[in-house]
Amino acid sequence: MEASAPGRARRGWRRARAAGSPLSRAAMVLVVSALVLWAPPSVGYLDRLPRSAQLPQDSVKIVGSPNIPVKVYVMLHQKSPHVLCVTQRLRNSELVDPSFQWHGPKGKIISENSTAQITSTGSLVFQNFEESMSGVYTCFLEYKPTVEEVIKNLQLKYVVYAYREPHYYYQFTARYHAAPCNSIYNISFEKKLLQILSKLVLDLSCEVSLLKSECHRVKMQRAGLQNELFFTFSVSSLDTEKGPKPCADHSCESSKRLSKAKNLIERFFNQQVEVLGRRAEPLPEIYYIEGTLQMVWINRCFPGYGMNILKHPRCPECCVLGHYK
(Lines give C-alpha, C1' and ligand atoms only; values in the text may rest on other atoms or scores of the structure.)
Protein backbone atom coordinates (compact mmCIF):
# COMPACT_ATOMS: atom_id res chain seq x y z
CA MET A 1 0.00 0.00 0.00
CA GLU A 2 1.32 3.43 -0.92
CA ALA A 3 2.34 5.60 2.04
CA SER A 4 0.60 8.94 2.72
CA ALA A 5 2.23 12.21 1.71
CA PRO A 6 2.85 13.36 5.32
CA GLY A 7 4.30 9.95 6.07
CA ARG A 8 6.67 10.22 3.10
CA ALA A 9 7.61 13.72 4.19
CA ARG A 10 8.45 12.58 7.72
CA ARG A 11 10.58 9.70 6.44
CA GLY A 12 12.32 12.09 4.07
CA TRP A 13 13.16 14.32 7.01
CA ARG A 14 14.62 11.39 8.92
CA ARG A 15 16.76 10.34 5.98
CA ALA A 16 17.95 13.88 5.50
CA ARG A 17 18.86 14.23 9.17
CA ALA A 18 20.58 10.86 9.21
CA ALA A 19 22.63 11.87 6.21
CA GLY A 20 23.60 15.07 7.94
CA SER A 21 22.19 17.32 5.21
CA PRO A 22 21.60 20.86 6.52
CA LEU A 23 18.06 22.25 6.63
CA SER A 24 18.26 25.82 5.51
CA ARG A 25 16.75 28.99 6.85
CA ALA A 26 15.32 29.57 3.37
CA ALA A 27 13.24 26.39 3.66
CA MET A 28 11.73 27.60 6.93
CA VAL A 29 10.92 30.99 5.37
CA LEU A 30 9.22 29.23 2.45
CA VAL A 31 6.74 27.44 4.75
CA VAL A 32 5.99 30.62 6.70
CA SER A 33 5.42 32.54 3.47
CA ALA A 34 2.97 29.90 2.28
CA LEU A 35 1.05 30.25 5.54
CA VAL A 36 0.88 34.03 5.27
CA LEU A 37 -0.71 33.75 1.83
CA TRP A 38 -3.28 31.22 2.99
CA ALA A 39 -6.80 32.67 2.87
CA PRO A 40 -9.27 30.76 5.11
CA PRO A 41 -12.72 29.99 3.68
CA SER A 42 -15.85 30.83 5.63
CA VAL A 43 -16.86 28.28 8.22
CA GLY A 44 -19.94 27.49 10.25
CA TYR A 45 -20.46 27.58 14.00
CA LEU A 46 -19.69 24.79 16.40
CA ASP A 47 -22.58 22.44 17.11
CA ARG A 48 -22.12 22.75 20.85
CA LEU A 49 -21.57 26.21 22.26
CA PRO A 50 -20.93 26.91 25.95
CA ARG A 51 -24.00 28.28 27.64
CA SER A 52 -24.10 31.96 28.56
CA ALA A 53 -24.73 33.03 32.13
CA GLN A 54 -28.42 33.83 31.57
CA LEU A 55 -31.25 33.47 34.06
CA PRO A 56 -34.39 31.47 33.24
CA GLN A 57 -37.45 33.34 31.99
CA ASP A 58 -39.49 32.62 35.11
CA SER A 59 -37.17 34.92 37.08
CA VAL A 60 -38.38 38.07 35.30
CA LYS A 61 -40.71 38.57 38.26
CA ILE A 62 -39.50 37.34 41.64
CA VAL A 63 -41.77 36.83 44.63
CA GLY A 64 -40.75 36.77 48.27
CA SER A 65 -40.91 34.15 50.99
CA PRO A 66 -42.16 34.72 54.55
CA ASN A 67 -39.64 32.19 55.87
CA ILE A 68 -36.23 32.80 54.26
CA PRO A 69 -34.55 35.59 52.26
CA VAL A 70 -34.91 35.18 48.51
CA LYS A 71 -31.81 35.47 46.32
CA VAL A 72 -31.99 37.84 43.36
CA TYR A 73 -29.33 38.02 40.63
CA VAL A 74 -28.85 41.17 38.56
CA MET A 75 -26.30 41.45 35.75
CA LEU A 76 -23.89 44.33 36.17
CA HIS A 77 -24.95 47.50 34.29
CA GLN A 78 -28.29 45.94 33.30
CA LYS A 79 -31.93 46.30 34.31
CA SER A 80 -33.11 43.91 37.00
CA PRO A 81 -36.16 41.64 37.04
CA HIS A 82 -39.17 42.94 38.97
CA VAL A 83 -38.82 42.11 42.66
CA LEU A 84 -42.38 41.82 43.96
CA CYS A 85 -43.38 42.79 47.49
CA VAL A 86 -45.71 39.79 47.82
CA THR A 87 -45.50 36.05 48.38
CA GLN A 88 -46.68 33.53 45.82
CA ARG A 89 -49.93 33.07 47.75
CA LEU A 90 -50.63 36.81 48.02
CA ARG A 91 -49.74 37.36 44.38
CA ASN A 92 -52.95 35.57 43.40
CA SER A 93 -55.08 37.24 46.09
CA GLU A 94 -56.87 40.57 46.38
CA LEU A 95 -55.19 43.06 48.67
CA VAL A 96 -57.24 45.94 50.05
CA ASP A 97 -55.43 49.27 50.55
CA PRO A 98 -51.91 47.84 50.17
CA SER A 99 -48.95 49.93 51.30
CA PHE A 100 -45.38 49.15 50.24
CA GLN A 101 -42.13 50.39 51.70
CA TRP A 102 -38.66 49.30 50.63
CA HIS A 103 -35.37 49.57 52.53
CA GLY A 104 -31.94 48.75 51.11
CA PRO A 105 -28.32 48.82 52.27
CA LYS A 106 -28.40 52.63 52.22
CA GLY A 107 -31.77 53.08 53.90
CA LYS A 108 -35.28 53.80 52.66
CA ILE A 109 -35.86 53.73 48.91
CA ILE A 110 -38.12 56.39 47.43
CA SER A 111 -39.97 55.97 44.16
CA GLU A 112 -38.19 58.96 42.60
CA ASN A 113 -34.79 57.25 42.90
CA SER A 114 -33.10 57.19 39.48
CA THR A 115 -31.44 53.78 39.89
CA ALA A 116 -33.85 51.83 42.10
CA GLN A 117 -37.51 52.48 41.32
CA ILE A 118 -40.70 51.34 43.03
CA THR A 119 -43.63 50.71 40.71
CA SER A 120 -47.25 51.58 41.48
CA THR A 121 -47.82 47.95 42.51
CA GLY A 122 -44.88 47.96 44.92
CA SER A 123 -42.31 46.14 42.79
CA LEU A 124 -38.64 47.09 43.06
CA VAL A 125 -36.73 47.51 39.77
CA PHE A 126 -33.08 48.46 39.31
CA GLN A 127 -32.35 50.36 36.10
CA ASN A 128 -28.53 50.26 35.88
CA PHE A 129 -27.23 47.89 38.50
CA GLU A 130 -23.85 48.63 40.08
CA GLU A 131 -21.69 46.60 42.44
CA SER A 132 -22.41 48.99 45.32
CA MET A 133 -26.13 48.22 45.04
CA SER A 134 -25.66 44.59 46.10
CA GLY A 135 -26.94 43.65 49.53
CA VAL A 136 -30.03 42.93 51.61
CA TYR A 137 -33.33 44.58 50.66
CA THR A 138 -36.43 44.46 52.83
CA CYS A 139 -40.02 45.16 51.83
CA PHE A 140 -42.66 46.10 54.42
CA LEU A 141 -46.18 45.35 53.25
CA GLU A 142 -49.40 46.48 54.94
CA TYR A 143 -52.77 45.32 53.60
CA LYS A 144 -56.26 44.10 54.44
CA PRO A 145 -57.44 40.71 53.18
CA THR A 146 -60.98 42.16 53.08
CA VAL A 147 -62.54 45.51 53.91
CA GLU A 148 -63.88 44.17 57.20
CA GLU A 149 -60.62 42.67 58.48
CA VAL A 150 -57.83 44.41 60.37
CA ILE A 151 -54.58 45.50 58.76
CA LYS A 152 -51.93 42.81 58.39
CA ASN A 153 -48.17 43.34 58.18
CA LEU A 154 -45.63 41.32 56.25
CA GLN A 155 -41.87 41.66 56.04
CA LEU A 156 -40.02 40.11 53.08
CA LYS A 157 -36.25 39.97 52.68
CA TYR A 158 -34.23 39.67 49.46
CA VAL A 159 -30.48 39.28 49.01
CA VAL A 160 -29.57 41.00 45.74
CA TYR A 161 -26.34 39.88 44.06
CA ALA A 162 -24.45 41.60 41.26
CA TYR A 163 -23.17 39.13 38.67
CA ARG A 164 -21.40 39.25 35.34
CA GLU A 165 -20.70 36.72 32.64
CA PRO A 166 -17.42 34.83 32.90
CA HIS A 167 -14.42 35.82 30.85
CA TYR A 168 -14.64 33.26 28.05
CA TYR A 169 -11.70 32.28 25.90
CA TYR A 170 -10.10 29.33 24.16
CA GLN A 171 -6.67 28.12 25.18
CA PHE A 172 -4.75 26.05 22.67
CA THR A 173 -1.38 24.36 22.50
CA ALA A 174 0.69 23.27 19.51
CA ARG A 175 4.14 21.81 18.92
CA TYR A 176 6.62 22.55 16.14
CA HIS A 177 9.78 20.80 15.11
CA ALA A 178 12.40 23.48 15.74
CA ALA A 179 15.90 24.72 15.09
CA PRO A 180 18.39 24.30 17.95
CA CYS A 181 16.90 25.80 21.10
CA ASN A 182 19.36 28.71 21.20
CA SER A 183 18.69 29.65 17.58
CA ILE A 184 17.38 33.10 16.67
CA TYR A 185 15.27 31.43 13.96
CA ASN A 186 12.95 30.03 16.65
CA ILE A 187 12.35 33.54 18.04
CA SER A 188 11.64 34.94 14.59
CA PHE A 189 9.26 32.10 13.82
CA GLU A 190 7.41 32.62 17.12
CA LYS A 191 6.77 36.29 16.31
CA LYS A 192 5.67 35.48 12.78
CA LEU A 193 3.30 32.76 13.94
CA LEU A 194 1.68 35.12 16.46
CA GLN A 195 1.23 37.76 13.76
CA ILE A 196 -0.44 35.25 11.43
CA LEU A 197 -2.83 33.95 14.11
CA SER A 198 -3.72 37.48 15.24
CA LYS A 199 -4.51 38.55 11.69
CA LEU A 200 -6.59 35.42 11.22
CA VAL A 201 -9.16 36.38 13.90
CA LEU A 202 -8.97 40.17 13.70
CA ASP A 203 -12.17 40.53 11.64
CA LEU A 204 -14.03 38.63 14.38
CA SER A 205 -13.00 41.22 16.99
CA CYS A 206 -10.91 38.57 18.70
CA GLU A 207 -7.27 38.57 19.70
CA VAL A 208 -4.63 35.88 20.06
CA SER A 209 -2.09 36.13 22.89
CA LEU A 210 1.02 34.07 23.46
CA LEU A 211 0.87 32.63 26.98
CA LYS A 212 3.97 30.44 26.91
CA SER A 213 6.75 29.39 24.54
CA GLU A 214 9.34 26.77 25.40
CA CYS A 215 11.97 24.86 23.46
CA HIS A 216 12.88 21.32 24.54
CA ARG A 217 14.96 18.45 23.23
CA VAL A 218 12.75 15.40 22.73
CA LYS A 219 14.02 11.85 22.26
CA MET A 220 12.06 9.97 19.60
CA GLN A 221 12.06 6.18 19.43
CA ARG A 222 13.40 6.02 15.88
CA ALA A 223 14.43 9.57 14.99
CA GLY A 224 16.68 10.15 17.99
CA LEU A 225 16.91 13.59 19.64
CA GLN A 226 15.12 16.51 18.04
CA ASN A 227 14.26 20.05 19.09
CA GLU A 228 10.63 21.05 19.56
CA LEU A 229 8.82 24.32 20.30
CA PHE A 230 5.89 24.07 22.73
CA PHE A 231 3.42 26.95 22.26
CA THR A 232 0.44 27.92 24.44
CA PHE A 233 -1.91 30.61 23.08
CA SER A 234 -5.27 32.09 24.05
CA VAL A 235 -7.96 33.51 21.78
CA SER A 236 -10.44 35.87 23.42
CA SER A 237 -13.04 38.47 22.52
CA LEU A 238 -12.00 42.11 22.37
CA ASP A 239 -15.33 43.63 23.45
CA THR A 240 -16.06 44.57 27.06
CA GLU A 241 -19.25 45.10 29.01
CA LYS A 242 -19.06 48.90 28.82
CA GLY A 243 -17.18 49.23 25.55
CA PRO A 244 -18.58 49.35 22.03
CA LYS A 245 -19.88 46.10 20.59
CA PRO A 246 -18.49 44.79 17.28
CA CYS A 247 -22.07 44.62 15.96
CA ALA A 248 -25.61 44.38 17.27
CA ASP A 249 -26.63 41.21 15.43
CA HIS A 250 -27.26 38.06 17.49
CA SER A 251 -24.63 36.18 15.47
CA CYS A 252 -21.97 38.54 16.82
CA GLU A 253 -22.26 37.38 20.42
CA SER A 254 -18.91 36.74 22.01
CA SER A 255 -19.31 32.96 22.21
CA LYS A 256 -20.28 32.69 18.53
CA ARG A 257 -17.37 34.83 17.39
CA LEU A 258 -15.00 32.77 19.52
CA SER A 259 -16.31 29.53 18.03
CA LYS A 260 -15.65 30.96 14.55
CA ALA A 261 -12.14 31.88 15.62
CA LYS A 262 -11.61 28.36 16.95
CA ASN A 263 -12.66 26.86 13.62
CA LEU A 264 -10.36 29.18 11.69
CA ILE A 265 -7.39 28.30 13.87
CA GLU A 266 -8.06 24.58 13.51
CA ARG A 267 -8.27 24.94 9.73
CA PHE A 268 -5.04 26.94 9.75
CA PHE A 269 -3.11 24.12 11.42
CA ASN A 270 -4.75 21.49 9.21
CA GLN A 271 -3.69 23.54 6.19
CA GLN A 272 -0.08 23.41 7.38
CA VAL A 273 -0.23 19.61 7.37
CA GLU A 274 -1.60 19.63 3.81
CA VAL A 275 1.06 22.08 2.59
CA LEU A 276 3.81 20.05 4.24
CA GLY A 277 2.57 16.84 2.65
CA ARG A 278 2.83 18.36 -0.83
CA ARG A 279 6.41 19.58 -0.36
CA ALA A 280 9.37 17.93 -1.93
CA GLU A 281 11.98 16.52 0.43
CA PRO A 282 13.65 17.56 2.65
CA LEU A 283 11.32 19.15 5.21
CA PRO A 284 11.99 22.68 6.47
CA GLU A 285 13.79 23.15 9.75
CA ILE A 286 10.70 24.50 11.56
CA TYR A 287 7.33 22.91 10.88
CA TYR A 288 4.09 22.02 12.70
CA ILE A 289 3.94 18.51 14.16
CA GLU A 290 0.70 16.92 12.99
CA GLY A 291 -1.87 16.06 15.68
CA THR A 292 -0.39 18.22 18.46
CA LEU A 293 -3.02 20.99 18.36
CA GLN A 294 -5.22 20.89 21.47
CA MET A 295 -7.96 23.42 22.30
CA VAL A 296 -9.98 23.83 25.52
CA TRP A 297 -12.77 26.25 26.49
CA ILE A 298 -11.98 28.39 29.55
CA ASN A 299 -14.43 30.43 31.60
CA ARG A 300 -12.99 32.37 34.49
CA CYS A 301 -14.47 35.03 36.73
CA PHE A 302 -13.03 38.48 37.17
CA PRO A 303 -11.40 39.35 40.54
CA GLY A 304 -13.97 39.67 43.32
CA TYR A 305 -16.45 37.39 41.52
CA GLY A 306 -16.88 33.64 41.65
CA MET A 307 -19.06 30.66 40.66
CA ASN A 308 -20.69 28.46 43.27
CA ILE A 309 -23.37 26.08 41.99
CA LEU A 310 -24.25 24.93 45.52
CA LYS A 311 -24.76 28.44 46.90
CA HIS A 312 -26.23 29.90 43.71
CA PRO A 313 -28.17 27.07 42.01
CA ARG A 314 -30.43 29.55 40.19
CA CYS A 315 -27.41 31.14 38.54
CA PRO A 316 -24.87 28.29 38.29
CA GLU A 317 -22.81 29.83 35.47
CA CYS A 318 -22.86 33.37 36.84
CA CYS A 319 -19.79 35.06 38.24
CA VAL A 320 -21.38 36.43 41.42
CA LEU A 321 -19.94 39.28 43.44
CA GLY A 322 -18.48 37.68 46.56
CA HIS A 323 -19.21 40.40 49.15
CA TYR A 324 -22.39 38.75 50.43
CA LYS A 325 -21.81 35.15 51.57
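Is Cys301 buried, partly exposed or exposed? Hold that thought, everyone, and hello. What you see above is a predicted model, in which local features need pLDDT of at least 70 and side-chain atom pairs count only at pLDDT 80 or more, while totals for chains, interfaces and linings use all residues. Residues are numbered from 1 along each chain as its sequence is written, and side-chain values use heavy atoms, with hydrogens and water left out.

Back to our cysteine. Cys301 is partly exposed, because its relative accessible area is 27%. Here buried means under 20% relative accessible area, exposed means over 50%, and partly exposed is in between, with a 1.4 Å probe and protein chains only. Cys301 has a disulfide partner, Cys319, with 2.0 Å from S to S. A disulfide, by the way, is a pair of cysteine sulfur atoms within 2.5 Å. The torsion about the S-S bond is -85°, and this link of Cys301 and Cys319 is left-handed. The two ends come from distant parts of the chain, 18 residues apart: Cys301 sits in the loop between strand E14 (294-300) and strand E15 (305-306), and Cys319 in strand E16 (residues 319-321). When I say helix or strand, I mean DSSP runs numbered from the N terminus, helices (H or I) of at least four residues and strands (E) of at least two. Cys319 has a relative accessibility of 0%, so Cys319 counts as buried.

How many disulfides does the structure hold? There are 4. Another of them joins Cys85 to Cys139, at 1.5 Å from S to S. Its torsion is about -90°, so this disulfide of Cys85 and Cys139 is left-handed. Cys85 belongs to strand E3 (residues 82-87) and Cys139 to strand E8 (residues 135-144), so to speak distant parts of the chain, 54 residues apart. Both Cys85 and Cys139 are buried. Then there is the link between Cys315 and Cys318, again with S to S at 1.5 Å. This one has -60° about the S-S bond and is left-handed; both Cys315 and Cys318 are buried.

Now let's turn to a pair of helices. Find helix H4 (residues 184-201) and helix H5 (residues 254-277): their axes come within 9 Å and cross at roughly 135°. That angle makes H4 oblique to H5. Which residues make the contact? On H4 they are Leu193, Ile196, Leu197, Leu200 and Val201, and on H5 they are Ala261, Leu264, Ile265, Phe268 and Phe269. Contact here means heavy atoms within 4.5 Å. An axis is a line fitted to C-alpha atoms, for helices over the stretch in contact, and angles run from 0 to 180 degrees between N-to-C directions. Under 35 degrees counts as roughly parallel, over 145 as roughly antiparallel, 65 to 115 as roughly perpendicular, and the rest as oblique.

Helix H4 also contains Leu194. With 25% relative accessibility, Leu194 counts as partly exposed. Leaving out residues up to four places away in sequence, Leu194 touches Val208, Ser209, Leu210 and Phe233. Leu194 and Leu210 are 16 residues apart in sequence, with 7.1 Å between their C-alpha atoms.

One last stop: Val60, in the loop between helix H2 (25-36) and strand E1 (61-64). Val60 is partly exposed, at 43% relative accessible area. Val60 touches Pro81 and His82, again not counting residues up to four places away in sequence. From Val60 to His82 there are 22 residues along the chain, and 6.2 Å separates their C-alpha atoms.
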